[in-house]
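Dear colleague,

Please find the structure below.

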Amino acid sequence: MKPVVKIGGSLLRSAADFVQAARFVAAYSEPPVVVVSAVKGVTDLLLQLEKTRSYLLYEELAHRHISIARGLGVEERIAPLLKELEYALRLPHAPWSADYFASFGERLSATMLHAVLEKMGIEAKLFIAPMLTDSNYGNAEPIALEHKEEMSRPDAVAVVTGFIGRDKEGRFTTVGRGGSDYTATYIGKELGARKVSLVTDSPGVMTADPREVQEAYVLPLLSVQEAVEAAKVGAKNFHPRTFIPVVEAGRMAVEVRSYNSRGTLIAHIYPPPPYKIVVRCGQGSCVVGLAAYELTKLGGTPLGQYSVKLNIPPRQVHEHLILPYIKYINT
């Protein structure tokens, strides 16, 4: 089956970034399904725009996208979307309006990436919000995936908007902040993909936040169950629902990587080390790993089968519980 690749918004800031993303996609031996996030920071601006209906803010958003599109030579492709957004400023506030405004981020970025691929001579088809969802605006639940056969075509790249879907009334919905990862794994499950690649500005899943722990490493392997609990305790870049489709699919794996790294493979396996991730939890730490429950003997509070909270700072947890195993494995 076709591979599924998500391009994160942190990698989409400029025209050069879109070209790099298109080249990365073009390098696949089999044209993938590409799930696209909004340009970095745009979703927050769109939600603010929905609240304020500020024309100055609209102009800022429009200028940002026009600047990127002009650099790519595809300005005419996003002009209708910007006109639609300008018209939306006159719409009344409604339960669905925040999701409608937020939808423009992914619609604009996916449209630009699709246009760049076509300019490069790559066969590509654009799919806007192909997920049919319920009407729980802001945190919608997927019900079905439309256009499966077209997405699965082996001769064309399928460019798909992340984060957004449509309800039975045809209104745009969103699946929760950071939901492009969830969109990608859901699509992967529905298409029967063997692997979903989540491409970000991080080289993979880190043993700790590198801003807090300088000796943080990239984990080569992580079990799905550990990833689920890491998401629950707030590990960076994990949407809480990302791994639900992975569990349901059974054999599908997830790869978290950057353009140039091998990244972290998350699959239905149980690899060492026994302690893998430490996340700051208040004044203490949340530890995730196959043997994390054993830390209850040291006074830890169990949070799940593979996660425990300790009243110890992350740096100390990393130094004494995680780092020794990582160094042993790497030798």
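**Helix packing and the sheet**

Helix H3 (residues 55–72) packs with helix H5 (residues 97–119) at an angle of about 5 degrees, and their axes are 11 Å apart. Helices (H or I, at least four residues) and strands (E, at least two) are DSSP runs, numbered from the N terminus. Axes are lines fitted to C-alpha atoms, for helices over the stretch in contact, and angles run from 0 to 180 degrees between N-to-C directions. H3 and H5 are therefore roughly parallel to each other (angles under 35 degrees count as such). His65, Ile68, Ala69 and Leu72 of H3 make the contact with Leu108, Met112, Val116 and Lys119 of H5, where contact means heavy atoms within 4.5 Å.

This is a predicted model, in which local features need pLDDT of at least 70, side-chain atom pairs count only at pLDDT 80 or more, and totals for chains, interfaces and linings use all residues. Residues are numbered from 1 along each chain as its sequence is written, and side-chain values use heavy atoms, with hydrogens and water left out.

Turning to the sheet, eight strands form an open sheet with mixed pairing, in the order S3-S6-S2-S1-S9-S11-S12-S10. Two strands pair if DSSP finds at least two bridges between them. Strand S3 (124–127) and strand S10 (221–223) are the edge strands, each pairing on one side only. Within the sheet, strand S2 (residues 33–36) and strand S6 (residues 157–161) run parallel and are joined by four bridges; valine 36 stands opposite threonine 161 in S6.

Helix H7 (residues 180–191) lies across S2, S6 and other strands, including strand S1 (4–7), and runs at about 155 degrees to S2.

Yours sincerely

Terms used: Parallel < 35°, antiparallel > 145°, perpendicular 65-115°, else oblique.
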